[in-house]
Amino acid sequence: MSKQKSKRPKGKKKREAKRRPERPLLTIWPIESDVPTNDLFTYRRLDDPAALEWILEDFIYELESGYFLQWEAVVSQEQNLPLTKKQQEALAGLLHFGDEPDERILYIDEIPRPKEPWYAIAGKLASLMVKHPFHTSEIMYGIYDEEGWPMLVSVISKHGQHLSLPASVKSPLDIFPSDLQHRLWLQTCFASLSGLGQDEILTLANEEQQDRVKWFIRDLRKHKDTVRYLNLTLDSLLMHVILPPEDEVLFVPMMIEQLSLPSPQTPLVDYL
């Protein structure tokens, strides 16, 4: 006996595509005591820069590898929420021939679901990346200078587009409060001054080191929005970055001269 194939009604595929959400509808991340979870911050000292760098590297890997996307697809299906195209693709890659259709997924590649949504992890990590005040004489790990924050911004801009967001947030980078973002952008500018005071030759009294001030001004120009937001003057800037006294007395007149500042109390943004 031959089997007659059922025909898909015309327009059904188009209607399904219209019903598919552009962004995930997931707004609640369930915490159940009987479900295993993974926490990036467990067993790591949060006051240890080396440990923070490991957390940042792991978080970036999990974003790039699709770990958060896959688990959001799993949790969305558990909550009977419509899946985005990316979530459907991620979920399809997890289902294998022979799997029980109602069998709950507890591990993906032997790793359980994240304990928190990705944006909660990112927010906690970013807050730990703030080094205030920034002492140029301290040996800095990359997570505190021009490597850490820009790297986190780049990977979230690329991979956060297909992940869930808090209800009041419209774009991935908006998960970070404005004040936190600007403090971290300012901190990346301090990389040009980092090292002053760490060695007897690393001082603005050494002419070979004086280009650092030009580089610093160049970086401030790249982030004029941050300078404006924080309402920075030369005086208030020195509350965010601490130079050795012998360098500060050289730094202030160099900044005044190169920016033609009327005084240390003048808003910097007008002279960038």
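The lining of the second largest cavity is made up of five nonpolar, one polar and four charged residues. In this count, Ala, Val, Leu, Ile, Met, Phe, Trp, Tyr, Cys and Pro are nonpolar, Asp, Glu, Lys and Arg are charged, and the others, Gly among them, are polar. Before going further, please note that this is a predicted model, where local features need pLDDT of at least 70 and side-chain atom pairs count only at pLDDT 80 or more, while totals for chains, interfaces and linings use all residues. Residues are numbered from 1 along each chain as its sequence is written, and side-chain values use heavy atoms, with hydrogens and water left out.

**Spaces inside**

Rolling a probe the size of a water molecule over the atoms shows where empty space is left. On a 1 Å grid over the protein atoms alone, a cavity is a set of points where a 1.4 Å probe fits but cannot get out, a pocket is an open set with protein on both sides within 12 Å along at least five of seven lines, and lining residues have an atom within 4 Å of a point. A volume is the space filled by probe spheres set on the points, with grid points joined across faces, edges and corners. Two cavities of 30 Å³ or more are found in the structure.

| Space | Volume | Lining by class |
|---|---|---|
| Second largest cavity | about 50 Å³ | five nonpolar, one polar, four charged |
| Largest cavity | about 60 Å³ | three nonpolar, three polar, two charged |
| Second largest pocket | about 200 Å³ | five nonpolar, three polar, three charged |

Around the second largest cavity you will find Asn38, Asp39, Leu40, Phe41, Glu62, Tyr67, Pro114, Lys115, Glu116 and Ile121. The lining of the second largest pocket includes Asn38, Leu40, Glu62 and Tyr67. Other residues lining that pocket include Asp58, Tyr61, Ile108 and Ile111. Helix H2 (49-65) and helix H3 (67-78) each give at least two residues to the pocket lining, and H2 gives the most, with four. Helices here (H or I, at least four residues) and strands (E, at least two) are DSSP runs, numbered from the N terminus.

**Charged partners**

A salt bridge is a side-chain nitrogen of Lys or Arg within 4 Å of a carboxyl oxygen of Asp or Glu. Arg183 and Asp179 are about one helical turn apart, because they sit four residues apart in helix H7 (residues 178-189). Arg183 is partly exposed, at 29% relative accessibility, and Asp179 is partly exposed too, at 33%. Buried means under 20% relative accessible area, exposed over 50%, and partly exposed in between (1.4 Å probe, protein chains only).

Across the whole structure, a search finds eleven salt bridges. One of them joins the side chains of Glu32 and Arg104, at 2.9 Å from N to O. This pair links distant parts of the chain, 72 residues apart: Glu32 lies in the loop between helix H1 (12-19) and strand E1 (37-38), and Arg104 in the loop between helix H4 (85-92) and strand E2 (113-114). Glu32 is partly exposed, with a relative accessible area of 31%, and Arg104 is partly exposed at 35%. Together with Glu78 and Arg113, Glu32 and Arg104 are linked in a network of salt bridges.

Another salt bridge pairs Arg45 with Asp47, whose closest N and O atoms are 3.1 Å apart. Both Arg45 and Asp47 are exposed.
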